[in-house]
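Me: I've got a model open and want to talk through one part of it. Can you keep it short?
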Amino acid sequence: MRFDVITIFPEMFKIIHAGGVVGRALDKQLFELKTWNPRDYTTDSRKTVDDRAYGGGPGMVMMAEPLEKTLKAIHQTQTNAGPVVLLSPQGKTFNQQMAADLLKHEQITMVCGRYEAIDQRFIDSSVDIEMSLGDFVLSGGEIPAMAIMDAMVRLIPGVLGDKDSALQDSFMDGLLDCPHYTRPEIYENSAVPGVLLGGNHAIIEGWRREQSLLATHLRRPDLIETARKKGLLSSKDELFLKNIQTKT
């Protein structure tokens with residue numbers, strides 16, 4: 001997996017090298033990361049990448065030409081170019097399924113916008129997908145790009161110590177994750193649920209599934225409906241949900 005990122009703040013991506021799961025995966029070359037600064041593809045002495053908006057209004061707009069030249073340079077180094085992703089509040093809200101779908105590509109280019117906006121002509125001609133982290137605005141696309149990369153890299157085989165860890169993440173089966181506990185067995189008079197201490201893996205898995213269903217029912221009922229439509233709920237799941245709905 002290779003990520004090419006267009007950004008005027010490439011130094012922000014040094015944090016990925018700092019450690020953690022993603023940093024270790026990068027050190028092990030389980031994925032590649034290369035940043036490209038559009039200022040390197042300008043022709044004026046000030047390395048200008050933005051200008052005033054036509055029609056007036058506050059803020060500056062990133063110009064199409066430096067971005068287009070940067071993208072062209074990236075494509076000249078790629079052997080199997082994948083989609084060009086723009087991080088944008090106008091984009092489709094990113095989710096776990098999109099992380100899995102993007103991972104099917106060998107190479108992805110991410111465009112991190114800055115200032116008020118990016119010239120629409122670059123978006124129309126060069127961007128394949130616009131993605132957002134939610135209904136809020138950040139100062140630039142760098143943080144969303146790193147968040148999306150993190151979600152994707154976790155799914156690369158060999159990145160997590162236990163291959164089942166990613167499978168148990170929230171959203172992997174359409175539901176929120178179940179509660180987790182570690183030692184000590186009793187902390188501040190609060191005990192670990194007894195079912196987790198019995199050693200019966202089938203019963204533990206059943207408890208975890210019910211807890212996952214309960215958490216999703218209480219916090220994100222919209223995910224229950226989506227999982228139902230996708231056929232991800234068993235008859236046993238439906239019976240459990242019916243019982244908790246009766247109680248609540």
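Reply: One definition to start: axes are lines fitted to C-alpha atoms, for helices over the stretch in contact, and angles run from 0 to 180 degrees between N-to-C directions. Helices are DSSP runs (H or I, at least four residues), numbered from the N terminus. This is a predicted model, where local features need pLDDT of at least 70, side-chain atom pairs count only at pLDDT 80 or more, and totals for chains, interfaces and linings use all residues. Residues are numbered from 1 along each chain as its sequence is written, and side-chain values use heavy atoms, with hydrogens and water left out.

Me: OK. At what angle do helix 6 and helix 7 cross?
Reply: Roughly 120°. Their axes come within 5 Å. Helix 6 is residues 201–219 and helix 7 is residues 221–229.

Me: Which residues of helix 6 and helix 7 meet?
Reply: Leu-213, Thr-216, His-217 and Arg-219 from helix 6. They meet Pro-221, Leu-223 and Ile-224 of helix 7. Contact means heavy atoms within 4.5 Å.

Me: New topic. Is Ser-212 buried or exposed?
Reply: Buried, with a relative accessible area of 7%. The cut-offs: buried is under 20% relative accessible area, exposed is over 50%, and partly exposed is in between (1.4 Å probe, protein chains only).

Me: And what is Ser-212 in contact with?
Reply: Leaving aside neighbours within four places in sequence, Ser-212 is in contact with Leu-175, Leu-176, Asp-177 and Cys-178.

Me: Which other residues are buried in helix 6?
Reply: Among them are Ile-204, Trp-207 and Ala-215. The cover over the buried residues of helix 6 includes helix 7 and helix 8 (235–247).

Methods:
Helix = DSSP H or I, 4+ residues; strand = E, 2+ residues; numbered from the N terminus.
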